[in-house]
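Me: I would like to learn how to read a protein model, one feature at a time. Could you take me through this one?

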Amino acid sequence: MALKSTICKAQIQLADMDRHHYDDLSLTLAQHPSETDQRLMVRLLAYALNAGEGLAFTRGLSTDDEPELWRKDLTGAIELWIELGLPDEDRLRKACQRSRQVILYAYGEEGAVRPWWEKLQHRLSRFDNLAVWRLPAEQSRELAELADRSISLQCNIQEGQVMLSDSQRTVILDPEPLLGVE
């Protein structure tokens, strides 16, 4: 018998001073049985960093031909494709061919992210529509502490720094731009 996804509800009061975007977000996420709390929260973080009309979670882990998040225009063309983790070059190449803009939030143990980036850095630099951000390992691990089936967060983004807080904890993240970020 297959395990079912866990449904998580998230309320986020978003204040993105960098983009002048302020919103109260009510989100529903399905946490795949194989998905860690850290990955779930990185998905939520990616949503907050790119919040705007039309941004949506996809089937994610359960499909190979969709990103974690995307935004489509009225014709169904993909405007924004958001990936997480350390995907291979082929996946990113296909994403760049299918979408106007691709953003990757690379995260994982430091012993994995740096070698992955060193290996792909030059090959990925040819994609004009790709932006790559690295989430520091310790900071992204701390995100898992905020995970719950019912999440209520304050998210403040200012000068590239992200502060996520619930009623008991605060996690501060400093995403590092690696590629294609102005």
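Predicted model: local features only at pLDDT ≥ 70, side-chain atom pairs only at ≥ 80, totals over all residues.

Me: How many helices and strands does the chain have?

Reply: Helices (H or I, at least four residues) and strands (E, at least two) are DSSP runs, numbered from the N terminus. Here there are four helices and 11 strands.

Me: What is the radius of gyration of the chain?

Reply: That radius is taken over C-alpha atoms, and the globule rule to set beside it is 2.2 Å times the number of residues to the power 0.38. For this chain the radius is 16 Å, close to the 16 Å that the rule gives for 182 residues, so the chain is as compact as a globular protein of that length.

Me: Which residues have the most contacts inside the largest nonpolar core?

Reply: A nonpolar core is a set of buried Ala, Val, Leu, Ile, Met, Phe, Trp, Tyr and Cys residues joined through side-chain atoms within 4.5 Å. Buried means under 20% relative accessible area, exposed over 50%, and partly exposed in between (1.4 Å probe, protein chains only). The largest core here has 38 residues, and Leu44, Leu143 and Leu164 have the most contacts inside it. Among the elements that give it two or more residues are β1 (6-16), β2 (21-31) and α1 (37-50). Helix α1 supplies the largest share, nine residues. There is also a second, separate core of 17 residues, including Trp81 and Leu120.

Me: What is leucine 44 in contact with?

Reply: Contact means heavy atoms within 4.5 Å. Leaving aside neighbours within four places in sequence, leucine 44 is in contact with Ala10, Ile12, Leu27, Leu29, Phe57, Ile151 and Leu153.

Me: Is histidine 21 buried or exposed?

Reply: Histidine 21 lies in strand β2 and is buried, because its relative accessible area is 19%. Not counting residues up to four places away in sequence, histidine 21 touches Leu14, Ala15, Asp16, Ala51 and Gly52.

Me: And is threonine 75 buried or exposed?

Reply: Threonine 75 is exposed, because its relative accessible area is 69%. You will find threonine 75 in the loop between β4 (69-72) and β5.

Key:
Residues numbered from 1 in each chain as written. Heavy atoms only, no water.
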